Amino acid sequence: MDQYTVLTGDRSKIKDLLCNRLIECGWRDEVRLLCRNILLEKGGNNSITVEQLITEVTPKARTLVPDAVKMDLLMKIRTILAENDADI
């Protein structure tokens, strides 16, 4: 699927949709707050690397993605695939 979307140019559309929906629902702000809290718990910016922060935040951030956003993304992918199948 990944190569298929890159070839058809739809990957950027899907990525833009996801980014916009995550911003709209406040997910980005929640993740920013989560990062800030982790940094405060660890004693400041110097005691944790970016890689460590990403490793700690990623599983929590994934659980914060609303189901509505996941469904919107899934529907967009299905629509793109259906349109491309019809063109073949």
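**Entry 1: the core.** I looked up the largest nonpolar core and found twelve residues: L22, W27, V31, L34, C35, I38, I48, L53, V57, A61, V65 and V69. I noted that a nonpolar core is a set of buried Ala, Val, Leu, Ile, Met, Phe, Trp, Tyr and Cys residues joined through side-chain atoms within 4.5 Å. Buried means under 20% relative accessible area, exposed over 50%, and partly exposed in between, with a 1.4 Å probe and protein chains only. The elements that give two or more residues to this core are α3 and α4, and α3 gives the most, with five. Helices here are DSSP runs (H or I, at least four residues), as are strands (E, at least two), numbered from the N terminus. In soluble globular proteins, nonpolar side chains tend to be buried together.

**Entry 2: the model.** I wrote down that this is a predicted model, in which local features need pLDDT of at least 70 and side-chain atom pairs count only at pLDDT 80 or more, while totals for chains, interfaces and linings use all residues. Residues are numbered from 1 along each chain as its sequence is written, and side-chain values use heavy atoms, with hydrogens and water left out. pLDDT is the predictor's confidence in each residue, from 0 to 100. The chain has a mean pLDDT of 86, and 85% of its residues reach 70 or more. I found the lowest confidence in helix α1 (residues 2–8), at a mean of 60, and the highest in α4, at 95.

**Entry 3: W27.** Which residues does W27 contact, leaving aside its neighbours within four places in sequence? I found L22, A61, L64 and V65, where contact means heavy atoms within 4.5 Å.

**Entry 4: salt bridges.** I searched the whole structure and got six salt bridges; each is a side-chain nitrogen of Lys or Arg within 4 Å of a carboxyl oxygen of Asp or Glu. E56 pairs with K42, their closest N and O atoms being 3.6 Å apart. E56 lies in helix α4 and K42 in the loop between α3 and α4, so this pair ties together parts 14 residues apart in sequence. E56 also meets K60, at 4.0 Å from N to O. K60 and E56 are separated by about one helical turn because they are four residues apart in α4. Salt bridges that share partners join R21, E24 and D72 into one network.

**Entry 5: D10 and K13.** The side chains of D10 and K13 form a salt bridge of 3.5 Å, N to O. D10 is buried, at 8% relative accessible area, whereas K13 is partly exposed, at 48%.
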